[in-house]
Amino acid sequence: MLLLLLRRGAALRGGRGPGGLSPPARLLSAAQRPGPGPGEKGTGEDSTLRPLYMDVQATTSLDPRVLDSMLPYLIHYYGNPHSRTHAYGWESESAVERARQQVASLIGADPREIIFTSGATESNNLAIKGVARFYKSRKKHVITTQTEHKCVLDSCRYLEAEGFRITYLPVKRNGLIDLKELEDAIQPDTSLVSVMTVNNEIGVKQPISDIGQLCSTRKVFFHTDAAQAVGKIPMDVNALKIDLMSISGHKIYGPKGVGAIYVRRRPRVRLEPLQSGGGQERGMRSGTVPTPLVVGLGTACEVAQQEMEYDYKRISLLADRLVTKIMTEIPDVVMNGDPEHHYPGCINLSFAYVEGESLLMALKDVALSSGSACTSASLEPSYVLRAIGTDEDLAHSSIRFGIGRFTTEEEVDYTVHKCIQHVKRLRAMSPLWEMVQDGIDLKSIKWTQH
Amino acid sequence: MAASCRAQVLRLYRALLRESQRFTAYGYRTYAIRRIRDAFRENKQVKDAGEIQTLVNKARTNLEIIHRQVVRLMLFIERRLNL
């Protein structure tokens with residue numbers, strides 16, 4: 001694997017011309033570079049630069065304010081927050097409880113309803129498997145949607161093997177679920193409905209408030225994977241009638257390896273823990289709570305709460321700039337997902353007659369992805385795009401643009417410029433594009449296999 | 001009182017901008033400068049002495065954070081990616 005990486009690196013390096021310096025990339029290098037960093041060999045005059053980062057749905061950089069709050073707990077205050085017999089334990093415990101308060105405050109919950117986990121994947125697993133297993137003697141049915149994150153779908157597959165029935169609700173062409181279909185899918189023995197708030201690939205916002213209302217009247221627990229939504233759009237667990245909610249640290253400029261799950265206390269939601277052990281986190285998640293990470297998550301939530309309005313306004317502006325420029329400059333670009341019920345920072349565009357992977361390769365000085373990071377190694381088109389009924393060829397030509405707190409106008413402009421340039425270049429080489437220009441309907445062609 | 005307060009706020013504003021310029025990471029540097037400018041502009045009309053004091057304290061805390069993080073970024077130079 002390492003060898004492969006090295007070889008790949010060498011091949012890519014060879015492909016880069018000397019004139020590869022680009023305006024915003026140059027901005028990146030404008031920072032002082034006093035010399036090689038620790039553990040790094042001096043490479044001398046090397047003109048290669050880091051790509052711009054436009055993949056904030058995969059992960060975000062740590063906010064300096066977050067790291068600043070974490071560092072003392074990585075340096076001085078290393079006590080186990082569960083140690084009750086000395087000051088080391090007490091100071092860590094009080095830091096963890098402060099963080100719990102910060103997370104709870106962001107989503108309008110009680111601190112006692114917040115359980116720290118290793119991330120949204122664990123939170124989703126805990127919510128789905130935990131609730132289903134706890135109520136399995138009376139309830140054997142779970143509802144979710146086809147566009148959920150892999151960890152939700154995989155947890156459901158696992159439950160199927162344990163004898164549960166799962167309904168995978170289809171979504172409409174705009175990526176939203178049909179409330180009527182959800183209502184019809186609820187059965188007397190349904191224990192849980194799990195629908196994500198903001199989709200990680202196409203950015204659509206599900207009607208969470210309506211789903212919460214429906215679930216509460218039908219006495220079914222409602223779980224939402226809000227990893228891409230918390231801290232970016234207002235989320236109030238009581239107003240939206242959410243019973244369980246997954247939160248991730250590294251999607252909100254916090255550290256990786258930490259997340260949280262909200263578990264409602266009134267009416268109480270019970271779940272079977274996944275891990276056995278010391279009974280930390282009210283027995284729901286055994287294992288020592290990682291104080292520095294949890295402190296980071298707390299600060300990330302507090303900063304997100306303060307900055308939500310400011311960030312949202314700015315991200316909307318930048319997103320609008322990106323979409324308008326691309327759409328006016330190149331024809332046959334399709335925006336995937338509902339444009340109305342949509343989080344602006346996640347833009348998924350399909351460039352017809354251009355292969356997404358080749359566009360990604362051409363845009364190698366911008367860090368982009370064609371979908372979720374978990375499936376970015378495979379060349380298969382995204383299952384989310386297939387679920388919203390995108391044609392196979394359009395699903396193959398999609399790219400996700402992520403705009404976050406630290407994205408600048410220059411970065412957006414550079415990405416747009418490069419994108420337009422390469423789409424035009426790739427289309428000029430494409431026989432399909434030529435045929436379309438000649439007025440041939442590609443769908444009418446009978447491709448024969450030799 | 002008002003004049004000294006004004007001078008104090010301006011001093012703080014300049015110190016914050018100066019310190020932010022030293023961020024070696026492009027994203028952090030541009031964000032810090034933009035956010036500081038916007039925050040001071042947004043709170044320009046604030047008249048209440050107590051409220052001003054709260055904002056000044058917040059700015060001081062942020063100045064300390066920026067200072068520490070600037071130093072941290074200088075200690076750990078980011079590796080350039082081979083493209």
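## Close-ups of a two-chain predicted model

Chain A has an accessible surface of about 20,400 Å², and 55% of it belongs to carbon and sulfur atoms; areas come from the Shrake-Rupley method with a 1.4 Å probe, and for residues only the protein chains shown count as cover. This is a predicted model, so local features need pLDDT of at least 70 and side-chain atom pairs count only at pLDDT 80 or more, while totals for chains, interfaces and linings use all residues. Residues are numbered from 1 along each chain as its sequence is written, chains are lettered from A and ligands numbered from 1 in the order in which they are written, and side-chain values use heavy atoms, with hydrogens and water left out.

**View 1. Chain A as a whole.** Chain A comes to 14 helices and 12 strands (DSSP runs numbered from the N terminus: H or I of at least four residues for helices, E of at least two for strands). Of its 450 residues, 54% count as buried, meaning under 20% relative accessible area, with exposed over 50% and partly exposed in between (1.4 Å probe, protein chains only). Take the contacts (heavy atoms within 4.5 Å) between residues at least 6 apart in sequence: 74% of them join residues at least 24 apart. An unreviewed UniProt entry lists "domain: Aminotransferase class V" for residues 53-414 of chain A; UniProt positions follow the numbering used here, feature names are shortened, and annotations may be inferred rather than shown by experiment. That span is 38% helix and 14% strand, and its end C-alpha atoms lie 12 Å apart.

**View 2. The seven-stranded sheet of chain A.** Here the strands run in the order 2-8-7-6-5-3-4, making an open sheet with mixed pairing (two strands pair if DSSP finds at least two bridges between them). Strand 2 (114-117) and strand 4 sit at the edges, each pairing on one side only. From one strand to the next, the twist averages 20 degrees; axes are lines fitted to C-alpha atoms, for helices over the stretch in contact, and angles run from 0 to 180 degrees between N-to-C directions. Helix 5 (residues 120-134) packs on this sheet, with its direction at about 160 degrees to that of strand 7.

**View 3. Strand 3 of chain A, covered on both faces.** All five of the five residues in strand 3 (residues 141-145) are buried. A:His141, A:Ile143 and A:Thr145 take one side, while A:Val142 and A:Thr144 take the other. Strand 3 pairs with strand 4 (residues 165-169) in the parallel sense over five bridges, and A:Ile143 stands opposite A:Thr167.

**View 4. The three-stranded sheet of chain A.** This open sheet has the order 9-10-12, with antiparallel pairing. Strand 9 (333-335) and strand 12 (398-402) each have a single partner strand, so one side of each is left without a neighbour in the sheet. Helix 9 (residues 291-329) lies across strands 9, 10 and 12, running at about 10 degrees to strand 10.

**View 5. A:His422 in helix 13 of chain A.** Helix 13 covers residues 409-429. A:His422 counts as buried because its relative accessibility is 10%. Neighbours within four places in sequence aside, A:His422 is in contact with A:Leu359, A:Ala362 and A:Leu363.

**View 6. Helix 3 of chain B.** Its 27 residues (49-75) reach 39 Å from first C-alpha to last, close to the 39 Å expected (1.5 Å times one less than the number of residues). Among its buried residues are B:Ile52, B:Gln69 and B:Arg72.
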